[in-house]
Amino acid sequence: MKKCEYCAKEISYHEMYCRDECQTKANDFYDMRDKISKIIGVFNGICVMSIGIGLFVFSFLKEVGAYMVAIPMVILGILFLLFPVPADVMIQKYKIEKSLKITRIIALILLALGIIATIVTIIAI
Ligand SMILES: [Zn+2]
């Protein structure tokens with residue numbers, strides 16, 4: 001069966017969305033993604049790089065390394081919570097609505113881990 005591109009409800013073969021609301025939400029999502037995907041990509045790159053370097057720095061400068069890992073995790077978590085941009089493969093598999101939920105859950109986990117890592121760094125290192 002074909003599924004609504006937004007909410008993944010089953011639809012007939014000549015439709016793309018189950019109702020107008022889903023089409024509007026899908027269009028809004030793609031507009032939002034077009035506008036912010038470049039900025040998100042840059043932030044993502046910087047944060048992932050910082051985490052990578054931080055893990056290396058941690059072996060000789062524990063405090064600096066820990067912050068270089070923990071703070072980008074918090075930033076990425078907040079960023080993806082506010083602007084969830086799921087990967088296309090995820091959208092194809094789960095459709096937009098569920099992909100947004102999954103992305104937000106991952107963002108929340110990242111944010112929580114980042115906050116815990118920051119607190120641990122402040123207290124213990
Ligand atoms: Zn729908």
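Predicted model: local features only at pLDDT ≥ 70, side-chain atom pairs only at ≥ 80, totals over all residues.
Local features need pLDDT of at least 70, side-chain atom pairs count only at pLDDT 80 or more, totals for chains, interfaces and linings use all residues, and side-chain values use heavy atoms, with hydrogens and water left out.

How many salt bridges does a search of the whole structure find? The search finds 4. A salt bridge here is a side-chain nitrogen of Lys or Arg within 4 Å of a carboxyl oxygen of Asp or Glu.

**Stop one.** Select Arg19 and Glu21. Their side chains form a salt bridge, 2.7 Å from N to O. Arg19 is partly exposed at 38% relative accessible area, and Glu21 is partly exposed at 40%. (Buried means under 20% relative accessible area, exposed over 50%, partly exposed in between, with a 1.4 Å probe and protein chains only.)

**Stop two.** Helices are DSSP runs of H or I, at least four residues, numbered from the N terminus. Lys25 is partly exposed, at 33%.

**Stop three.** Now select Asp88 and Arg33. Their side chains meet in a salt bridge of 2.8 Å, N to O. The pair links distant parts of the chain: Asp88 lies in helix 3 (residues 88-124) and Arg33 in helix 1, 55 residues apart. Is Arg33 buried or exposed? Arg33 counts as buried, at 18% relative accessibility. Asp88 is partly exposed, at 44%.

**Last view.** Select Arg19, Glu21 and Lys25 together. Salt bridges with shared partners join these residues into one network.

Technical notes:
Residues numbered from 1 in each chain as written. Helix = DSSP H or I, 4+ residues; strand = E, 2+ residues; numbered from the N terminus.
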